Amino acid sequence: FQLLNMGHLRSYFTSFFALFGLEKKQDIKLKAKGNLRVLFREWRGRANSGLSSNEGSILLSPEYTVPCVIHLLAHSPLYGDDTRSLNYLRDCLWFYLEPICEQRSSVQFVVKLLRRIRLLNDATVLDEGDPSLQEEADKRLYLVAELALKILRAKIIHVGENEFVGKLWYHPSLFRVSPSADERKKKESSLL
């Protein structure tokens with residue numbers, strides 16, 4: 001349990017690296033991206049070494065930080081309805097996704113995570129009798145995940161449509177599954 005919580009915190013705090021996508025000074029931006037690459041290599045090495053428990057190796061996988069990035073940006077003041085906001089989100093997403101997707105095997109995994117996020121509910125919204133708050137938060141998650149998918153399709157030559165067959169795990173404090181399959185299908189069709 002403690003490892004799971006530590007892994008969750010590690011993933012969430014690492015997601016803040018995405019905000020370096022807004023950095024104007026190239027030397028700072030390059031250094032931050034280099035640090036992110038080193039961190040991801042270290043995590044992959046520890047996860048693949050077999051030294052950590054099953055839950056620990058899941059949380060050491062850099063791909064599992066992507067849902068935290070999506071959640072962070074969906075709740076960020078950067079999120080808006082104008083082109084400038086969209087460009088900010090795009091820059092943050094690509095800054096973070098590029099080092100993760102340098103490994104070809106990670107691309108399918110990230111695509112599957114992003115597709116699944118579009119069907120999840122935001123678990124951080126406190127429902128105070130106003131369903132529009134939950135709908136707005138879920139819509140934001142959907143749109144940021146969809147933007148990330150579009151970025152991957154544009155930047156990576158072949159994203160592919162094959163299903164990733166690995167285990168998907170989402171931070172329960174950030175995401176929750178919609179109550180029914182019908183509701184998930186309805187949600188996806190209404191957000192398209």
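Reader: In what order do the elements of the protein chain run from the N terminus?
Author: This is a predicted model: local features need pLDDT of at least 70, side-chain atom pairs count only at pLDDT 80 or more, and totals for chains, interfaces and linings use all residues. Residues are numbered from 1 along each chain as its sequence is written, and side-chain values use heavy atoms, leaving out hydrogens and water. Helices (H or I, at least four residues) and strands (E, at least two) are DSSP runs, numbered from the N terminus. The order is α-α-α-α-α-α-β-α-β-α.

Reader: What share of the 192 residues of the protein chain counts as buried?
Author: Buried means under 20% relative accessible area, with a 1.4 Å probe and protein chains only. Of the 192 residues, the buried share is 45%.

Reader: Which residues does Leu97 touch, leaving aside those up to four places away in sequence?
Author: Contact means heavy atoms within 4.5 Å. Leu97 is among the residues touching the most other members of the largest nonpolar core, a set of buried Ala, Val, Leu, Ile, Met, Phe, Trp, Tyr and Cys residues joined through side-chain atoms within 4.5 Å. Its partners are Val66, Val110, Ala148 and Leu152.

Reader: Are α6 and α7 roughly parallel or roughly antiparallel to each other?
Author: Axes are lines fitted to C-alpha atoms, for helices over the stretch in contact, and angles run from 0 to 180 degrees between N-to-C directions. α6 and α7 pack at about 155°, their axes 8 Å apart. Angles over 145 degrees count as roughly antiparallel. Therefore α6 and α7 are roughly antiparallel.

Note on methods: Buried means under 20% relative accessible area, exposed over 50%, partly exposed in between (1.4 Å probe, protein chains only). Angles under 35 degrees count as roughly parallel, over 145 as roughly antiparallel, 65 to 115 as roughly perpendicular and the rest as oblique.
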